[in-house]
Amino acid sequence: MKKLFLLLLLSLPCSATIYYYLPEEKLESGVVIDKLVVSKKHHTMQAFSNGRVVKVYSIAIGKGHGDKQQEGDRCTPEGIYQIINKNPNSGYHKNLGISYPNKKDREQAKKRGVPPGGDVKIHALKNGRGYIGKFHRWRDWTNGCIAVTNEEMDELYEHVQIGSPIIINP
């Protein structure tokens, strides 16, 4: 039993190193991502081009649980939105802006008497923390955004069109 425990203990750093450095498939040059579909439950974001899934990203989301209800709840919104801008000078490497809150979100927040919040993004890791890499996926840590690695953000930044729909499912 001690040998098995020791073997498991020694295999953890090796497994973590392999996970960290194992290269992921890159999108081909010229691919245009025209739709993103997020599954918060599965922590995935599918990228589509002409109706075909071209890549699936593992993501981290907001610390809060459920649909975004108001500013500061740390929940990632659920619904149909659009990519509205690209920011190369973000505090989180780069980001893609999401059109939250939409009309429905604003109306629901108004009924509750709370601000809906905003500034929801797909972003990478905080500047200076890119070394965290894929390990960021091991827990939800954003304030309501969708997070990917810096390398994945570079790829999304290059391939996603402004105006593309992003569907965020529970």
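A: Start with one pair. The side chains of K134 and E24 form a salt bridge, at 3.6 Å from N to O. A salt bridge here is a side-chain nitrogen of Lys or Arg within 4 Å of a carboxyl oxygen of Asp or Glu. Note the source: this is a predicted model, where local features need pLDDT of at least 70, side-chain atom pairs count only at pLDDT 80 or more, and totals for chains, interfaces and linings use all residues. Residues are numbered from 1 along each chain as its sequence is written, and side-chain values use heavy atoms, with hydrogens and water left out.

Q: What does the pair K134 and E24 tie together?

A: Side chains of opposite charge can pair when their charged atoms come close. K134 lies in the loop between β6 (121–123) and β7 (146–147), and E24 in the loop between α1 (2–21) and β1, so the pair links parts 110 residues apart in sequence. Helices (H or I, at least four residues) and strands (E, at least two) are DSSP runs, numbered from the N terminus.

Q: Is K134 buried or exposed?

A: Buried means under 20% relative accessible area, exposed over 50%, and partly exposed in between (1.4 Å probe, protein chains only). K134 counts as buried, at 10% relative accessibility. E24 has 33%, so E24 is partly exposed.

Q: Which residue in the loop between β6 and β7 also pairs with E24?

A: R137. The side chains of E24 and R137 meet in a salt bridge at 3.2 Å, N to O. This pair ties together parts 113 residues apart in sequence, because E24 sits in the loop between α1 and β1 and R137 in the loop between β6 and β7.

Q: How many disulfides does the structure hold?

A: A disulfide is a covalent bond between the sulfur atoms of two cysteines. The test used is a pair of cysteine sulfur atoms within 2.5 Å. The structure holds zero. C75 is in no disulfide, and its nearest cysteine sulfur, that of C145, is 12 Å away. C75 is buried, with a relative accessible area of 5%. C145 is buried as well, at 10% relative accessibility.

Q: Which residues touch the most other members of the largest nonpolar core?

A: A nonpolar core is a set of buried Ala, Val, Leu, Ile, Met, Phe, Trp, Tyr and Cys residues joined through side-chain atoms within 4.5 Å. The largest one has 26 residues, and L36, M45, I122, I146, L156 and I166 touch the most other members. Elements that each supply at least two residues include β1 (35–39), β2 (44–49) and β8 (165–169). Helix α3 gives the most, with three residues.

Q: What does I122 touch?

A: Contact means heavy atoms within 4.5 Å. Leaving out residues up to four places away in sequence, I122 touches residues including L36, M45, I83, K94, M153 and I166.
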